[in-house]
Amino acid sequence: MQEKKGDSFLSPEIAKLTEKLQKDPSSRLFFPLAEEYIRSGMLEEAIIILKSGLKIHPVFSAARVSLGKVYLQKGRVAEAKTEFEKVLAQNPDNLMAQKKLALIYRDEGNIEKARQLCEAILLANPKDVEMKKLGLEIDGMRAQSVPSAPTAEKEHEPELSP
């Protein structure tokens, strides 16, 4: 079903922010406008606005995190990963970017990177239930990927004759 985007279907807030942003294209109003688009389910518009605003404000972490989250909603995981990695390069303590990247790394099977981020998050917020659960899940994945020691030892044991 095609979304209608005529002025009559846009929220008044989108119209107001669009007008203000047109008057001052270098302002940070692109971010609340993109958030309104997201709330309205207009994800492609949000991506366009966020990318455009980030060209002018490349270190605006909240906008970059928002872009990463929209990419995830659209199933564009590689692009989301890139955005979250850019956020952490600028601000290593950004918890939202850390969380999203930890989940992406887990899904990719990169359990070591996922575990590192999980530990960093839990160091900052030991009560984070989601990351505690992810940490346990990653530990389970680690245990499954390690070959069992008794099997390796058995190969070298001499056979006893009856």
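Are Phe 30 and Phe 60 buried or exposed? In this predicted model, both Phe 30 and Phe 60 are buried.

## The aromatic cluster

The structure holds 2 aromatic pairs. In one of them, the ring centres of Phe 30 and Phe 60 lie 5.5 Å apart and the ring planes meet at 85 degrees, so this pair is described as edge-to-face. Phe 30 belongs to helix H2, which covers residues 30-39, whereas Phe 60 sits in the loop between helix H3 (43-56) and H4, so the pair ties together parts of the chain that are 30 residues apart in sequence.

Phe 60 also forms an aromatic pair with Phe 31, and here the arrangement is tilted, with 5.2 Å from centre to centre and 55 degrees between the planes. This pair, too, links distant parts of the chain, since Phe 31 is found in helix H2 and Phe 60 in the loop between H3 and H4, 29 residues apart. Through these ring pairs, Phe 30, Phe 31 and Phe 60 are linked into a cluster.

## A closer look at Phe 60

Phe 60 has a relative accessibility of 11%, and because buried means under 20%, Phe 60 counts as buried. The ring of Phe 60 has a charged group over it as well: the charged end of Arg 28 sits there, 4.0 Å from the ring centre.

## Ser 26 and its contacts

Ser 26 lies in the loop between helix H1 (12-23) and H2. Leaving aside residues up to four places away in sequence, Ser 26 touches Ile 56 and His 57. The C-alpha atoms of Ser 26 and Ser 52 are separated by 9.9 Å, although these two residues are 26 residues apart along the chain.

## Helix H6

Helix H6 runs over residues 95-108 and has 14 residues, and from its first C-alpha to its last it reaches 20 Å, which is close to the 20 Å expected at 1.5 Å a residue. At the N-terminal end, H6 is capped by Asn 94, which has a side-chain oxygen 3.2 Å from the backbone nitrogen of Met 96. Just after H6, Gly 109 takes a positive phi of about 90 degrees.

The buried residues of H6 include Ala 97, Leu 101, Ala 102, Ile 104 and Tyr 105, and also Gln 98, Lys 99 and Arg 106. Among the elements that cover the buried residues of H6 are helix H4 (61-73), helix H5 (77-90), helix H7 (111-124) and helix H8 (129-145).

Notes: Residues are numbered from 1 along each chain as its sequence is written. This is a predicted model: local features need pLDDT of at least 70, side-chain atom pairs count only at pLDDT 80 or more; totals for chains, interfaces and linings use all residues. Side-chain values use heavy atoms; hydrogens and water are left out. Helices (H or I, at least four residues) and strands (E, at least two) are DSSP runs, numbered from the N terminus. The expected span of a helix is 1.5 Å times one less than its number of residues. Buried means under 20% relative accessible area, exposed over 50%, partly exposed in between (1.4 Å probe, protein chains only). Contact means heavy atoms within 4.5 Å. A polar contact is a pair of N or O atoms within 3.5 Å; within protein, one must be able to donate a hydrogen and the other to accept it, and residues adjacent in sequence count only if both atoms are side-chain atoms. Rings of Phe, Tyr and Trp (its six-membered ring) pair if their centres lie within 6.5 Å; planes under 30 degrees apart count as stacked, over 60 as edge-to-face and the rest as tilted. A charge sits over a ring if NZ of Lys or CZ of Arg is within 6 Å of the ring centre and within 35 degrees of the ring normal.
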